[in-house]
Amino acid sequence: MSHVSHRLKGPLQGALAGGGDPATSPLYVFGPFLRLLVGAGASMACFGASIWMVVATVAVVSVMYRNVMLWVSDGSGGSGLCEEELGSWAVKVNAAITVIEYTLTWLVSIAALVTFIADRADGLGRWERTGFAIVFSIGIAIVVNRGPRLAAMVFGPATAAVMVLLWILVGAVLFERGIQLPSLSREAFALENLNLTLSGYVRLLALMTGIEVFANLVAAYDGPPAKRARQAFGSLAIVMVTTLVTMVVVGPAIYDLADPLRNDVSVFTQTMDLLLPAPLAYAGTIISIVVLLSAAAASAQGLQNLALGLRHRHYVPAVFGQRNRFDVADRPVVFQTVVVAGCFVVFGTHEETYLALYAAGVFVLLGLTGWASVKRLWTRRRQEPRTLTLLGTIVAAAVTSVAAALIFVERFFDGAWMYGFLVPVLAWTFSRYRARLGAPSAISERLGRLVADRKFVTVGPGPDNGTGAGLAGKPTLGPGPDNGTGAGLAGKPTLGPSWPQSILAVVDGSVATETALVAHAALCRELECRGAVACVRADGVADYIASIKQAFPHVETVAVIERATDGLASEGGDLIVIDRGLDGAREICRTTRVPVLAVAGDAPASRRYPRLDRIIV
């Protein structure tokens, strides 16, 4: 799990943190698409119609996700909405498809990476390509299993670089060729061409992989839910506009300039070589390789986080989500590496081999999210009459469901049939372990959901976390900016509104124990709960109590006690804050079942207040 304290500050940071997967799609979707059209002798009409159909699909799905971001602000995105509206079966199906998608993201990314290497290195045969793929996969597993900080340092700037590359290509096309948009004519939808148009549409839909991550990013921003949803949608818009502009502007240039029948160089590299000067074209290849490594690493991190969530929610054995010394679950990545290496050995390293499965699972998930959105709007239609939004969401759900059906029909014998086997097997496995381990307690269930749903832990430049790369995905318990008390404890916990309702500080009048009051004030303000103080009786206690009430107006009650442990019975509290040097601190920790937060009043000011990085239940 990534433990960084900074939050995303705006849509651009979110786009860089979560846009690696969708931003890489133009690098590999054109090859299979053009080979299909050239092999069938299709015209530019089919090419243009397929692209504009994808543009329309992205538009309606993006609008649908705008609502999802508003409804589900805890980072769970479509999966959280499906769980709320469709029930537990949707969770199992969602988790099963997500496991498959993470593996396919790795396969497609590394396969495309090997293709770019082969573009610049003549004479690479199948086994040389397979060797490169396996070596890179092992390297990714080693880096990811050594924690997200190292992964961020290695892969972080890649998303920004590839987006710059795409806009450079757009500028080069406009400078050399002017505006030549794909054509849209009735010819593409004639009976003899309709199958090719739909087949091309199916192949291009792979560019929508990764769109769900922006719904998961909602929890990574600062501010109220509406503001966070707006910023996450802005991030989605930045990445998808970049991708779609590349498709619409650079796509026709690729169609005219590249030869899809060449096996030695990909169509994207051919186009870069023709449009860009040699140094920039080679730099583009390097950027493409690094960002594809980034996408594969992000999929491995996603599987780590999913395993932690499923473990907490008793869908997999505990050992599968066990953390290593770098605080990440390494076993899922080791298992995934073995599976990926086996696939490369058996099926080869051409990205087209895996694209059919890749897009199919994405659109099943998008379809589930779409119908869950329709159900949410329908049940709220009387309280919130939004007829146009409901109709638009129905269209989006229908479009994604039809797209999923088209993919399965079109690519069924190319591998899409495997979902009919893999999803039931994985869902049955999750159900079996859930039955054996039993349902978790309410707090464990909530904790598991939070861990599983922080899918916005992706390799990419986000807010600076000291590594220069920035991974979004830290629990929101602080420390953050100074909140007016001097304690600097910013960030409300997301374990639910019932805890804590009140916080008790125990002090004895000494300067050191007043540190507990400062931390107490910060927590009460950030957690929006009641504050109480228990003060050990001493000379001048009345004046001391008056000074407490004046300095800390958030305190509702102040009680005078004979010894520190008496405060537990007299005032109570869901959380107790004490200075570690308080006389009786050890006895408090030993005798109470209430969580105790000990602050270091005798430590230097820079180390006096705690970092709440983890909660151990």
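**Before starting**

The model is predicted, and local features are reported only at pLDDT of at least 70, side-chain atom pairs only at pLDDT 80 or more, while totals for chains, interfaces and linings use all residues. Residues are numbered from 1 along each chain as its sequence is written, and side-chain values use heavy atoms, with hydrogens and water left out.

**Stop 1: the whole chain**

Display the protein chain as a cartoon. Its secondary structure comes to 23 helices and 5 strands. Helices (H or I, at least four residues) and strands (E, at least two) are DSSP runs, numbered from the N terminus. Of the 617 residues, 56% count as buried; buried means under 20% relative accessible area, exposed over 50%, and partly exposed in between, with a 1.4 Å probe and protein chains only. Contact means heavy atoms within 4.5 Å. Among contacts between residues at least 6 apart in sequence, 78% join residues at least 24 apart.

**Stop 2: the sheet**

Select the strands next. The 5 strands form an open sheet with parallel pairing, in the order E3-E2-E1-E4-E5. Two strands pair if DSSP finds at least two bridges between them. At the edges stand E3 (555-561) and E5 (596-599), each of which pairs on one side only. Neighbouring strands of this sheet are turned by 20 degrees against each other on average, direction ignored. For such angles, axes are lines fitted to C-alpha atoms, for helices over the stretch in contact, and angles run from 0 to 180 degrees between N-to-C directions.

**Stop 3: strand E1**

Select residues 502-507, which make up strand E1. E1 is mostly covered, with 6 of its 6 residues buried. Ser502, Leu504 and Val506 point one way from E1, while Ile503, Ala505 and Val507 point the other way.

E1 and E2 run parallel and are joined by 6 bridges, and Leu504 stands opposite Ala532 in E2. E1 also runs parallel to E4 (residues 575-579), to which 4 bridges join it. Across that pairing, Leu504 stands opposite Ile576, Ala505 stands opposite Val577, and the bridge partner of Val506 is Ile578.

**Stop 4**

Keep E4 selected and turn the view to inspect its two faces. On one side are Leu575, Val577 and Asp579, on the other Ile576 and Ile578, and all are buried. E4 is accordingly described as mostly covered, with 5 of its 5 residues buried.

E4 and E5 pair in the parallel sense over 4 bridges, and the bridge partner of Ile578 in E5 is Ala598. Helix H23 (residues 585-591) belongs to the selection as well: E4, H23 and E5 make a right-handed β-α-β unit. A crossover is right-handed if, with the strands pointing away from the viewer, the path from the first strand over the helix to the second runs clockwise.

**Stop 5: the helix across the sheet**

Select residues 514-527, helix H20. H20 lies across E1, E2 (530-536), E3, E4 and E5, running at about 175 degrees to E1.

**Stop 6: two crossing helices**

Move to helix H10 (residues 191-204) and helix H17 (residues 387-410), whose axes come within 10 Å and cross at roughly 105 degrees. H10 and H17 are therefore roughly perpendicular to each other. Angles under 35 degrees count as roughly parallel, over 145 as roughly antiparallel, 65 to 115 as roughly perpendicular and the rest as oblique. Show the side chains where the two meet: Asn195, Leu198, Ser199, Tyr201, Val202 and Arg203 in H10 meet Val399, Ala403, Leu406, Ile407 and Glu410 in H17.

Centre the view on Leu406, which is found in H17. Leu406 counts as partly exposed, at 24% relative accessibility. Leaving aside neighbours within four places in sequence, Leu406 is in contact with Leu198, Tyr201, Val202 and Arg411. Leu406 and Val202 are 204 residues apart in sequence, yet 7.0 Å apart in space, C-alpha to C-alpha.

**Stop 7**

Select Thr98, in helix H6 (residues 88-120). Thr98 counts as buried at 7% relative accessibility, and beyond its neighbours within four places in sequence it is in contact with Leu306 and Leu365.

Finally, select Cys46 and Cys343. Cys46 is buried, with a relative accessible area of 1%, and Cys343 is buried at 16%. The structure holds 0 disulfides, a disulfide being a pair of cysteine sulfur atoms within 2.5 Å.
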